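Biologist: Put the model up, please, and walk me through it.

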Amino acid sequence: MMDHIPVIDLTKIIIPPNGITAESSFWKEIATEFGDALHGIGFAYLVNHGIPKDKILNVYNASKKFFELPKDVKLKYRKQDFSISYNGYAQPGDEVFDPSRVHELREFFDQCGPNMIWPDEEVPELRISMDELREECNILSKVMLRVLAISLNLTDEDFFIKHHQGLYNPQVKSQLTYRTMYYPPVPEGYNLLPGAIRCAEHTDYGTITFLFQDSIGGLEVKGIDGKWISADPIEDSILINTADLLELWSGGKYPATLHRVQIPESEIRKRNSRQCITYFIYPDMATDVTPLVPVVPGSKFANIPPVNAGDYFQKRVDYTFNIKD
């Protein structure tokens, strides 16, 4: 059990620009650190990850420009028919992790598969910047999926890459979701209703998640002991965490950790918006997920049937977006 989020330095396996070492001992060293982090708390900071800072800042700048557009303009790009596409804009209240909460104060814009809609008329740089950063994230995703396989001592070190072909083959059905998120400022004197929060506690759906944070912070991670730990931003780092289907694949060894974003108590921080960029790395939709290693004793995953990635995604989205049959 860990009471902090460890920092993992990828210098030994990533050689800029986009070079990767073949030295197996370095991969094993990083995989051990990564496995310990996912087993202990489910989160880690990645530093020296090889993604250029300017490409991250470009997405922040373009997305902020989008989120500051008038509401009626943003709603032109709102998520509509989920049977066709999950792409587009979600306003505060569209996605709710905890129905008992009065309001979850966030909005976001998703790139998730085909039939993408972009605000090219208002913010043409949003498409350009997100596409550029996504290419970088795909490279790092393949690196970390290999690290993950090594950490579980799988015979096939490319096992996870083979089940995430959507990273490099657009013909493969996948719900890899690339999201830019905006938490609007809380103006002075604004009457917050009891129970309001920026993002209620939840786990992510897929395999692993990349999170780029701005300097405002606010993310909290729930430790195994039930105490909340602040995931304070570390400059030029990426937070990575376990999601639900990896917890199943690992037989419970790598738990999907609850996390949330509180409304800051500090008046100065409360009056500032918060931005983050998230890449939810999800298995290909046809993938059936079952434990790859012995199940942790007493785990909820003992003797359960395989879980189809596509069905599981649909179940979680139906709940959080309150989609009725």
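Biologist: Which residues in α8 are buried?
Modeller: In α8, A309, G310, Y312, F313, R316, V317 and T320 are buried (under 20% relative accessible area with a 1.4 Å probe, protein chains only; exposed is over 50%, partly exposed in between). Seen down the axis, they fall within an arc of 165° (directions from the axis to the C-beta atoms), so they line one face of the helix. This is a predicted model: local features need pLDDT of at least 70, side-chain atom pairs count only at pLDDT 80 or more, and totals for chains, interfaces and linings use all residues. Numbering runs from 1 along each chain as its sequence is written, and side-chain values use heavy atoms, without hydrogens and water.

Biologist: What does that buried side pack against?
Modeller: β7 (177-183), α6 and β16 (307-308); contact means heavy atoms within 4.5 Å. Helices (H or I, at least four residues) and strands (E, at least two) are DSSP runs, numbered from the N terminus.

Biologist: And which exposed residues are on the face turned away?
Modeller: D311 and K315.

Biologist: New topic. Which salt bridge does E247 lack a partner for, or what is the nearest opposite charge?
Modeller: E247, in helix α6 (residues 244-249), is buried and has no salt bridge (a Lys or Arg side-chain nitrogen within 4 Å of an Asp or Glu carboxyl oxygen). The nearest side chain of opposite charge, K300, is 4.2 Å away; Lys and Arg count as positive, Asp and Glu as negative, with His and chain ends not counted.

Biologist: What else does E247 touch?
Modeller: Beyond four places in sequence, its contacts include Y254, P255 and F301.
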